[in-house]
Amino acid sequence: MEVESSNDLFKLCLRKEWHKVVRLCQSRPINACYVDKQTGNTVLHVACRHQPSVRVIQALLEAFPDGAVAVNTHGQLPLHIACQHNASISVLRALVNECPGTTRQVTGDEERISAVTLLCRAAAVDAGHGEAISGPNYSSTFWQKILVLLEAAGLDRQERTTNKTQKDR
């Protein structure tokens, strides 16, 4: 495949051409650094919106690890978008393994919402309950996703505590 510009990878994600995304990440990793000037979305943001496989997320993270902490113009991380769009457990795990601290980071907009809250909202909408989070019967998959986020938040806290202890010595 001939590459014209760095936004080719962005376009492949929009078209959900996942096998081409993986190949392009491997052959031209610099393309994973593309940021849309209007939205601030990286290629990883766009991929997370379209339910890719974990292999796609891994390829994007290998090509551009800083993509996991990139914030778009709405103050959203790729993890926030993945939670909003019903990403798989393995995709969430790949994102939080790259940077566990993202689980505690809230969106930069006026709502200031965590990944856990976004996941709850998405599950409520998927269950046909609109914004009413108190009523739906959440699936075991939902709870597994919550556990992935909470475990990562705990690991991040443990890592920060260990680093602080080492600095104090």
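A salt bridge here is a side-chain nitrogen of Lys or Arg within 4 Å of a carboxyl oxygen of Asp or Glu. By that test, the side chains of Arg-55 and Glu-62 meet in one, at 3.9 Å from N to O.

Some ground rules: this is a predicted model, where local features need pLDDT of at least 70 and side-chain atom pairs count only at pLDDT 80 or more, while totals for chains, interfaces and linings use all residues. Residues are numbered from 1 along each chain as its sequence is written, and side-chain values use heavy atoms, with hydrogens and water left out.

**Salt bridges**

Searching the whole structure turns up four salt bridges.

| Pair | Closest N and O atoms |
|---|---|
| Glu-17 and Arg-15 | 2.7 Å |
| Lys-20 and Glu-17 | 2.9 Å |

Shared partners tie Arg-15, Glu-17 and Lys-20 into one network. For burial, the cut-offs are under 20% relative accessible area for buried, over 50% for exposed, and partly exposed in between (1.4 Å probe, protein chains only). Glu-17 is buried at 18%, Arg-15 is exposed at 52%, and Lys-20 is partly exposed at 27%. As for the other pair, Arg-55 is partly exposed at 32% and Glu-62 is exposed at 58%.

**Helix α2**

Helices are DSSP runs (H or I, at least four residues), numbered from the N terminus. In α2, which spans residues 18–27, the buried residues are Trp-18, Val-21, Val-22, Leu-24 and Cys-25. Looking down the axis of α2, these fall within an arc of 170 degrees, so they line one face of the helix; the arc is taken over the directions from the helix axis to the C-beta atoms.

What do the buried residues of α2 pack against? Their partners are α1 (8–14), α3 (43–49) and α4 (54–63), with contact meaning heavy atoms within 4.5 Å. On the face turned away from the buried side sit the exposed residues His-19, Gln-26 and Ser-27.

**α4 against α6**

The axes of α4 and α6 (residues 89–98) come within 8 Å and cross at roughly 20 degrees. Those axes are lines fitted to C-alpha atoms, for helices over the stretch in contact, with angles running from 0 to 180 degrees between N-to-C directions. That makes α4 roughly parallel to α6, a label for angles under 35 degrees. On the α4 side, the contact uses Val-54, Ile-57, Gln-58 and Leu-61, and α6 brings Ser-90, Val-91, Ala-94, Leu-95 and Glu-98.

Technical notes. Helix = DSSP H or I, 4+ residues; strand = E, 2+ residues; numbered from the N terminus. Parallel < 35°, antiparallel > 145°, perpendicular 65-115°, else oblique.
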